[in-house]
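Subject: Structure handover and notes

Hello,

Here is the structure for your files. My notes on helix packing, a strand pair and some backbone geometry follow below it.

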Amino acid sequence: MIGPKAGRLLLVALVAAAVAAFLLLGADDWLTLPALKARQAQLVHLVEARPWLAMGLFFLAYVIATAISLPGAIVLTLAAGALFGLWRGAILVSFASTLGASLAFLGARYVLRDWVRSRFGAKLETIDRGIERDGALYLLSLRLNPAFPYFLVNLGMGLTKIRLPAYAFVSQAGMLPATFIYVNAGTQLARIESTRDIVSPGLIGALVLLSLFPLAAKWATGQLRRRRAYSGWRRPRRFDRNLIVIGAGAGGLVTAYIAAAVRAKVTLIEARKMGGDCLNTGCVPSKALIRSARLAHEIRNAREYGLEAREPKVDFRAVMARVRRIIGEIEPNDSVERYRSLGVDVRQGHAKLVDPWTVEIDGGERLTARATVIAAGAEPVVPDVPGLAGSGYLTSDSMWDALDGRDEVPGRIAILGGGPIGTEMAQAFARLGARVTQVEQAPRLLAREDEEAADLVAAALREEGVDLRLSTEAVRIEGKTLFLRGAPGEDAIEFDELIVAVGRIPRLGGYGLEELGIEAPLVVNDRLESIFPNIYAVGDAAGPYQLTHAAAHQAWFAAVNALFGSVRRFRADYSVLPRVTFTDPEVASVGHTEASAREAGVAFQVVRYDVSQLDRALTEGAARGFVKLLVEPDRDRILGATIVATSAGELIAEIALAMKHRIGLNRILASVHAYPTMAEANKYAAGEWKKANQPERLLAWAERWHRWRRG
């Protein structure tokens, strides 16, 4: 049984031998116009005597010449017309060229694709997405264009993921015009002295223009589709402004900032608080609370650092006051005054779209704009649990006001949900002294993260007293009692506060979207356009990533497309998007996890470095965690990373930078990292990869060299 590598080498050897034989036997002299004209009478006699044999031999020769990219395809096509006439010749050439092109396509795919993908995988993935969307059109354009060598098309398309039937069908259709031109010229072979007599500059120009037709048709179809989207709506003749942004969270603020920076007239409308969920109820208050909780945990465990340990006295009123103070210190960065100073027209009120170009504020003033960006954020999901509505439950949105001003942390807290929000809050409240029960229906916490990382966090929470109920369902609530159903059976727990953190959904109600025919969930394309090309969405309103930095990332694409889309539009790129769960230890990841790589069929090698070996982690008393890298086999390209460690959110930045700019592990290993720092963990992980991929043969020779040098 021949292995894949041996098979590739054998195929390359066969093609090389065929080309060498072709040249050594002087066959290239046969595929010239003078040689064809000199042998025309002899060949015609053969065709008349044995027509089926002649057609079969010609078909086979044409397939071989096309498959291994031999020169002389034009002469063979002329020969088809001279020997078989227009229609038979055209049919022979059409099918022979398609079959030969398909064989060349398959050969390139078999021999070259894995090698090319191992070195240029990210670029090919981008091309593949384009091929999946518009591949037939681009292939047709290339086939219609005589200026583009067909053999390059065969080789290049073989490296992509386009399917063979589609490739063969489009290739045959695209090559037909040139086929008929050359075969028809071959029927008049006696009059031809040079290929310049067949293809004049005017004809070449006409074919080039014809090759642009598919792309022009695509553009025209897109324009027609865009116009049809507005059927039944009357577009204003003039607009008050260039852009309206609904929502002043991370996505809306960045969108408005960019628009103002490029001197566009932009209006930002916010019905609630500037800064959105992140500043007021999400990232900022939760991280402020987590910091206080961490200090309480350090006091409780001070003996590990040679200090007197004691149970911290938590002034919960002061803790919540600090949370409010931190929000207040950051607030000016997102304030109405700041954005007005930047040139943004900021309005406070509820915005509603009354048509694709008009926004109404609080049922009164109406503003028109060429484009609108919806950045309305998200709201907590409230599950359908009997008794929940009357339980006085809290969410990540409401708990900050509900708990503000209390002297003591609630004694018993039940948390529904094992995602990042629920897990962060479970650990924080447990460290502040609450008895926390965390309930999750799934068999583990943090379902999107690496399983080993989730298990480590679960172990840390259990050590700190959190009662984890995994694979457990909330059945009903009666008063302050939560009834559960899990693997051991039914159970009931008492609580003073119940926090619901089972997820968040886009906040889209009341913005007029339903009246415009924009259904929830709001679906946007890769340019962040809704069904109306001038209405965009970013952040939690658009998905798929409910992350503040993802919203800011999307905002650039939405702002640029909204303001300059008539010149050029950009597709949002999420290929390298890190995320962090701020537990202790933190969990940070970017790119593939082992599970997502297997699901996508991506081959990978796992490299792991344990933080317990890191000097700085030991000095900090933070030796729990690891750096896990997914690396392309036989290369140093990073496919994904999960870091579990103190400051993992900071460490992941170096990996994200490396992935974005295709910096391999060899270069990370060659970079000098300051000692002692947590960042050294990335370098040591690169070192683990190097040890696992040592050039054993070269090292064996080095060992012989050193032995010889010793005498």
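Two strands are taken as paired if DSSP finds at least two bridges between them. The model is a predicted one. In it, strand β12 (residues 473-478) and strand β13 (residues 481-486) are paired over five bridges, in the antiparallel sense. One of the partners can be named: I477 is bridged to L482 in β13. The two strands, β12 and β13, make up a hairpin with two residues between them. In its turn, G479 has a positive phi of about 60 degrees.

Helix packing

Two packed helices are described by the angle between their axes and the distance between the axes. For helix α14 (residues 283-300) and helix α18 (residues 420-431), the axes come within 8 Å and the crossing angle is roughly 45 degrees. Angles under 35 degrees count as roughly parallel and 65 to 115 as roughly perpendicular, and α14 and α18 are therefore oblique to each other. The crossing of α14 past α18 is left-handed.

On the α14 side, the contact is made by S286, K287, L289, I290, A293, R294, A296, H297 and R300. These meet E424, M425, A428, F429 and R431 of α18. Sorted by class, the contact between α14 and α18 holds seven nonpolar, two polar and five charged residues.

Backbone geometry

Most residues other than glycine have a negative phi, and most peptide bonds are trans.

- D362 is not a glycine, yet its phi is positive, near 50 degrees. D362 sits in the loop between β5 (358-361) and β6 (366-374). Exposed means over 50% relative accessible area, so D362, at 53% relative accessibility, counts as exposed.
- L446, also not a glycine, has a positive phi of about 50 degrees. The loop that holds L446 runs between β10 (435-439) and α19 (451-463). The cut-off for buried is under 20%; L446 has a relative accessible area of 3% and is therefore buried.
- D584 and P585 are joined by a cis peptide bond, with omega near 5 degrees. P585 belongs to the loop between β18 (579-581) and β19 (586-591).
- The peptide bond between Y675 and P676 is cis, with omega about -10 degrees. P676 is in the loop between α25 (665-670) and α26 (680-692).

Regards

Note on methods. Residues are numbered from 1 along each chain as its sequence is written. This is a predicted model: local features need pLDDT of at least 70, side-chain atom pairs count only at pLDDT 80 or more; totals for chains, interfaces and linings use all residues. Side-chain values use heavy atoms; hydrogens and water are left out. Axes are lines fitted to C-alpha atoms, for helices over the stretch in contact, and angles run from 0 to 180 degrees between N-to-C directions. Helices (H or I, at least four residues) and strands (E, at least two) are DSSP runs, numbered from the N terminus. Angles under 35 degrees count as roughly parallel, over 145 as roughly antiparallel, 65 to 115 as roughly perpendicular and the rest as oblique. A crossing is left-handed if the near helix is turned anticlockwise from the far one by less than a right angle, and right-handed if clockwise. Contact means heavy atoms within 4.5 Å. Ala, Val, Leu, Ile, Met, Phe, Trp, Tyr, Cys and Pro count as nonpolar, Asp, Glu, Lys and Arg as charged, and the others, Gly among them, as polar. Buried means under 20% relative accessible area, exposed over 50%, partly exposed in between (1.4 Å probe, protein chains only).
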